[in-house]
Amino acid sequence: MPAVQPAPACGPAEPGEKPDLRPVEGRGADEELALLAKAVGHPARVQILRLLVRRESCVCGDIVDELPLAQSTVSQHLKVLRDAGLIRGEIDGPRVCYCVEPRALRRLRALVGSL
């Protein structure tokens with residue numbers, strides 16, 4: 001049975017990370033852009049992404065304090081962003097800490113830039 005690898009720590013891209021050479025046009029890219037655009041298609045999710053981008057480390061309970069939304073609503077928005085791959089959550093004791101997935105955010109920027 002293979003060992004479970006821990007998720008990489010939140011933060012900037014790895015220095016040796018290879019560039020993303022996937023196409024930014026075509027059916028696959030269009031579907032990917034539609035999925036990512038749907039994930040950022042709500043102002044609260046945009047606010048969450050901006051909050052996470054500004055932070056150098058994982059953010060735990062602070063997200064709820066920053067938004068005028070109920071905990072359950074914030075959790076649902078975080079789930080949408082996580083399911084789209086734009087953020088990741090790491091378990092830290094009894095809570096989950098979130099951070100931006102830098103590679104996915106760069107991909108979103110590339111896809112939007114290709115329009």
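This is a dialogue about how to read a predicted model of one protein.

Biologist: What is the mean pLDDT of the protein, and how many of its residues reach 70 or more?

Modeller: Begin with confidence, since this is a predicted model. The mean pLDDT of the protein is 84, and 85% of its residues reach 70 or more.

Biologist: Where does pLDDT stay under 50?

Modeller: That happens over residues 1-8. For this stretch the model has four contacts beyond four places in sequence.

Biologist: How many helices and strands does the protein have, and which pattern do they follow?

Modeller: Count the elements, then read them in order. The protein has five helices and two strands. Along the sequence they give the pattern α-α-α-α-β-β-α.

Biologist: How should I read the packing of two helices? Take α2 and α4: at what angle do their axes cross?

Modeller: Look at the axes, then at the residues that meet. Helix α2 covers residues 43-54 and helix α4 covers residues 71-83. Their axes come within 10 Å and cross at roughly 75°. Angles of 65 to 115 degrees count as roughly perpendicular, so α2 is roughly perpendicular to α4.

Biologist: Which residues meet in that contact?

Modeller: From α2 come Ala 44, Arg 45, Ile 48 and Leu 49. On the α4 side they meet Val 74, His 77, Leu 78, Val 80 and Leu 81. By type, the residues of this contact are seven nonpolar, one polar and one charged.

Biologist: What about the largest nonpolar core: how many residues does it have?

Modeller: It has 23 residues. Those with the most contacts inside the core include Ile 48, Leu 78 and Leu 81, three residues that also take part in the contact of α2 with α4. Leu 52, Ile 63, Leu 86 and Ile 87 complete that list. The elements that give two or more residues to the core are α1 (27-39), α2, α4, β2 (95-100) and α5 (102-113).

Biologist: Which residues does Ile 87 touch?

Modeller: Leave out residues up to four places away in sequence. Ile 87 then touches Leu 49, Leu 52, Leu 78, Leu 81, Arg 82, Tyr 98, Cys 99, Val 100 and Glu 101.

Biologist: Now burial. How much of the protein do buried residues make up?

Modeller: Buried residues make up 30% of the 115 residues. Two cases in one loop show how to read the value. Ser 57 and Cys 60 lie in the loop between α2 and α3.

Biologist: Is Cys 60 buried or exposed, and why?

Modeller: The cut-off for buried is under 20% relative accessible area. Cys 60 counts as buried because its relative accessibility is 15%. Ser 57 counts as partly exposed because its value is 46%.

Biologist: What does Cys 60 contact beyond its neighbours in sequence?

Modeller: Cys 60 is in contact with Asp 92, Arg 95, Val 96 and Cys 97. For Ser 57 and Cys 99, 42 residues apart in sequence, the C-alpha distance is 7.1 Å.

Biologist: How do I read such pairs across the whole protein? Among contacts between residues at least 6 apart in sequence, how many join residues at least 24 apart?

Modeller: The share is 63%. Glu 32 is in helix α1, and its contacts beyond four places in sequence are Arg 22, Arg 107 and Leu 111. Glu 32 and Leu 111 are 79 residues apart in sequence but 8.4 Å apart, C-alpha to C-alpha. Ala 110 is in helix α5. The C-alpha atoms of Ala 110 and Leu 33 are separated by 9.5 Å, at 77 residues apart along the chain.

Definitions and conventions: Residues numbered from 1 in each chain as written. Predicted model: local features only at pLDDT ≥ 70, side-chain atom pairs only at ≥ 80, totals over all residues. Heavy atoms only, no water. Axes fitted to C-alpha atoms, helices over the stretch in contact; angles between N-to-C directions. Helix = DSSP H or I, 4+ residues; strand = E, 2+ residues; numbered from the N terminus. Parallel < 35°, antiparallel > 145°, perpendicular 65-115°, else oblique. Contact = heavy atoms within 4.5 Å. Nonpolar A, V, L, I, M, F, W, Y, C, P; charged D, E, K, R; others polar. Core = buried A, V, L, I, M, F, W, Y, C linked by side-chain atoms within 4.5 Å. Buried < 20%, exposed > 50% of the residue type's maximum accessible area, 1.4 Å probe, protein only. pLDDT = per-residue confidence, 0-100.
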